[in-house]
Amino acid sequence: RERERERERESERRVLDKVKRQTPDRCLWESTAGKICSSIPGSCDRIAPEILITARNVRQPGGAVLLTKRVLSARSFCILLSLALSVYFVLSVYDSRWYKDASASIPCPQSKDFLLQLSELISDMDQVFRRLEIVYFLAYGSLFGALRYGGPLPWDTDADVGVLKDSIKRYSLEQLQFEFKKYHVHVSLDVAKGTYHFGRANVSADGFIFKDLSQIGWMRRDASDGGWLRSLKYLIHLGFPARLVTLPLPQRKFGKAMVYVPRGGFEILKYHYRGGWETESPPVNCGRVGLAYLHNFTTSLYGGGPQCTV
């Protein structure tokens, strides 16, 4: 019986040695505690209860086999988690512009009446924000349109602005609804996504709330949905230096009105669209008319090209 127990212990030692040789880079082996810890920085806490391995498991009959299976489970978990995070951020950064979609359902160009109504909505929003001293600026596709066409993008379906939380939080939703009602604009707030929605007739605009993260000079979206993964995305992918929205803001022509835009022209778009931000990528329908036609179309519609004032 003693020789049999010795053979079992020797077999277990060989299995443990094999496990340690096979996982030197992915995991840290602690022989005294008999636990596996992920090598991902900041993740060396217990990954999950089923991955914890104790010396007691090894001493039990069949414990060596169980140990091998759990080590492989821990290693697979680490690999899958890393791959999932990588795919998430690659898709977030390089495929974030909706108009890269090859869908043929997006008209290009939109009707003149629709684009004029969209620019008039932004003009009315500008008047209310100025009167209430709310700091706002064109963002995302609307900023692209102002810088390149002097108005909404010919294929755009709505408008986008950014608003600073410190300036707009002084007003309740009811107060904002009262002020915009004079312009027949409906206002709603999605707290989870940190977004105001402005709508009138068949046009709409989104107002994305930005705040200075802990007063460190870095702006991020003020949203609470999606847990820590989305918060990390908003911090890394949708954040930008606070210096780009310091007052006074420059103004750009947007349709018939002059509205506020961030400092630095295209610079803020380098943070929002990191993968080929400078490339004009209209929907597939725009290829049928050509970019030259679109520029001529918007020039006649908006009354001249982009203009700016400080």
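Begin by colouring the protein chain of this predicted model by confidence: its mean pLDDT is 76, and 65% of its residues reach 70 or more. Then select residues 24–62, where the pLDDT is below 50, although the model gives this stretch 55 contacts beyond near neighbours in sequence. Residues 93–99 also stay under 50, with 26 contacts beyond four places in sequence. Where pLDDT is low, the predicted coordinates should not be read in detail.

Next, select helix H10, residues 291–302, whose end C-alpha atoms are 16 Å apart, in agreement with the 16 Å that its 12 residues should span at 1.5 Å a residue. Within H10, show the side chains of Leu294, Phe297, Thr298, Leu301 and Tyr302, which are buried; seen down the helix axis, the buried residues fall within an arc of 105°, so they line one face. Turn to the other side of H10 and you will find Ala292, Asn296 and Ser300 exposed.

Now turn to the aromatic rings, which form 14 pairs in the structure. Select Phe210 and Phe240, an edge-to-face pair with centres 5.2 Å apart and 65° between the planes. Phe210 belongs to strand S7 and Phe240 to strand S9, so the pair ties together parts 30 residues apart in sequence, and both residues are buried.

Finally, select Phe129, Tyr136, Phe180, Tyr196, Phe198 and Tyr260, which together form one aromatic cluster.

Conventions: Residues numbered from 1 in each chain as written. Predicted model: local features only at pLDDT ≥ 70, side-chain atom pairs only at ≥ 80, totals over all residues. Heavy atoms only, no water. pLDDT = per-residue confidence, 0-100. Contact = heavy atoms within 4.5 Å. Helix = DSSP H or I, 4+ residues; strand = E, 2+ residues; numbered from the N terminus. Expected span 1.5 Å × (residues − 1). Buried < 20%, exposed > 50% of the residue type's maximum accessible area, 1.4 Å probe, protein only. Arc of directions from axis to C-beta. Phe/Tyr/Trp six-rings, centres within 6.5 Å; stacked < 30°, edge-to-face > 60°.
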